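Reader: I've got a model open here. Can you walk me through the side-chain contacts and the helix packing?

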Amino acid sequence: TRRKFLIVRLRGHAQELSTSFDDRTRNNYRLLTNALTKQLNPDRQEARYRSEFRGRRQLLGESIAELARSVRELTRLAYPSLPIRHSGPVLLARDQFTDGLSNKDTRRSVILSHPRSFDDAVRAAVEFEIASLDTTSTITSVPTETNTIVAGRSAPDHMDTLTSVLAANTAAMKEVIGAIRDSIKVSQQGDSGLSAC
């Protein structure tokens, strides 16, 4: 019947939810659809994403690029009714990204750079991280033994860390540059649409 058809067609989170309902709800089409609608209501989802957005912090070992990607996605999910070019979500994302940085020196540097947008904040964080790596990891000679210690780590471990951070930062900068290009395209399309009027 309709109830069986609905249960078979459910996927992902909706399917998981349907198994959590009591037998009475699962066996009654009307109760099942009402329960699913209530749980999957977009307003309810937005509230959940807003809560997740407000609590988003950089995780141990998480790169700046990963944090930025997560904040950008949570912003889109938490505020779907606001246009992406609207300044509200951009400023919220900027502030949440900055507050979510785990390194207090990076956070302070971003705040002092007075970023005007989310992309400016990401760029400032990446630049600060690169600059601090550069100043804390000057190596005067190339170590030849694996037991040479630099800043508390063996030289190969230190170089691996530098390489992985630089790769993550390069990816973050490419993402920022792509976002800037996209916003320029959208802006140009909007401008050309206005001139046609």
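Author: Start with aspartate 120 and arginine 123. They are three residues apart in helix H9 (residues 118–136), so about one helical turn separates them. Helices here are DSSP runs of H or I with at least four residues, numbered from the N terminus; strands are E runs of at least two.

Reader: What do aspartate 120 and arginine 123 form?

Author: Aspartate 120 forms a salt bridge with arginine 123, with the closest N and O atoms 2.8 Å apart. The rule for a salt bridge: a side-chain nitrogen of Lys or Arg within 4 Å of a carboxyl oxygen of Asp or Glu.

Reader: What should I know about the model and the numbering?

Author: It is a predicted model, where local features need pLDDT of at least 70 and side-chain atom pairs count only at pLDDT 80 or more, while totals for chains, interfaces and linings use all residues. Residues are numbered from 1 along each chain as its sequence is written, and side-chain values use heavy atoms, with hydrogens and water left out.

Reader: How many salt bridges does the rule count?

Author: Seven salt bridges. Among them, arginine 76 pairs with glutamate 73, the closest N and O atoms being 2.4 Å apart. Both lie in helix H6 (residues 64–78), three residues apart, about one turn. Arginine 76 is partly exposed at 43%, and glutamate 73 is partly exposed at 34%.

Reader: Which residue does aspartate 105 bridge to?

Author: Arginine 108, at 3.1 Å between the closest N and O atoms. Both lie in helix H8 (residues 104–112), three residues apart. Aspartate 105 is partly exposed at 36%; arginine 108 is partly exposed at 45%.

Reader: Switching topic. At what angle do H6 and H7 pack?

Author: About 145 degrees, with their axes 10 Å apart. Axes are lines fitted to C-alpha atoms, for helices over the stretch in contact, and angles run from 0 to 180 degrees between N-to-C directions.

Reader: Which residues make the contact?

Author: From H6, Ile64, Leu67, Ala68, Val71 and Thr75; from H7, Pro89, Ala93, Gln96, Phe97 and Gly100. Contact means heavy atoms within 4.5 Å. The residues divide into seven nonpolar, three polar and no charged. Ala, Val, Leu, Ile, Met, Phe, Trp, Tyr, Cys and Pro count as nonpolar, Asp, Glu, Lys and Arg as charged, and the others, Gly among them, as polar.

Reader: Arginine 94 next. Buried or exposed?

Author: Arginine 94 counts as buried, at 17% relative accessibility. It lies in helix H7 (residues 87–100). Leaving aside neighbours within four places in sequence, arginine 94 contacts Pro115, Arg116, Ser117, Phe118 and Ala121.

Reader: How many aromatic pairs are there?

Author: Two. Phenylalanine 53 and tyrosine 79 have ring centres 5.9 Å apart and planes at 85 degrees, so that pair is edge-to-face. Rings of Phe, Tyr and Trp (its six-membered ring) pair if their centres lie within 6.5 Å; planes under 30 degrees apart are stacked, over 60 edge-to-face, the rest tilted. Both phenylalanine 53 and tyrosine 79 are buried.

Reader: And phenylalanine 97 with phenylalanine 118: what geometry?

Author: Edge-to-face, 5.8 Å centre to centre, with 75 degrees between the planes. Phenylalanine 97 is in H7 and phenylalanine 118 in H9, so the pair ties together parts 21 residues apart in sequence. Both are buried.

How values were computed:
Buried means under 20% relative accessible area, exposed over 50%, partly exposed in between (1.4 Å probe, protein chains only).
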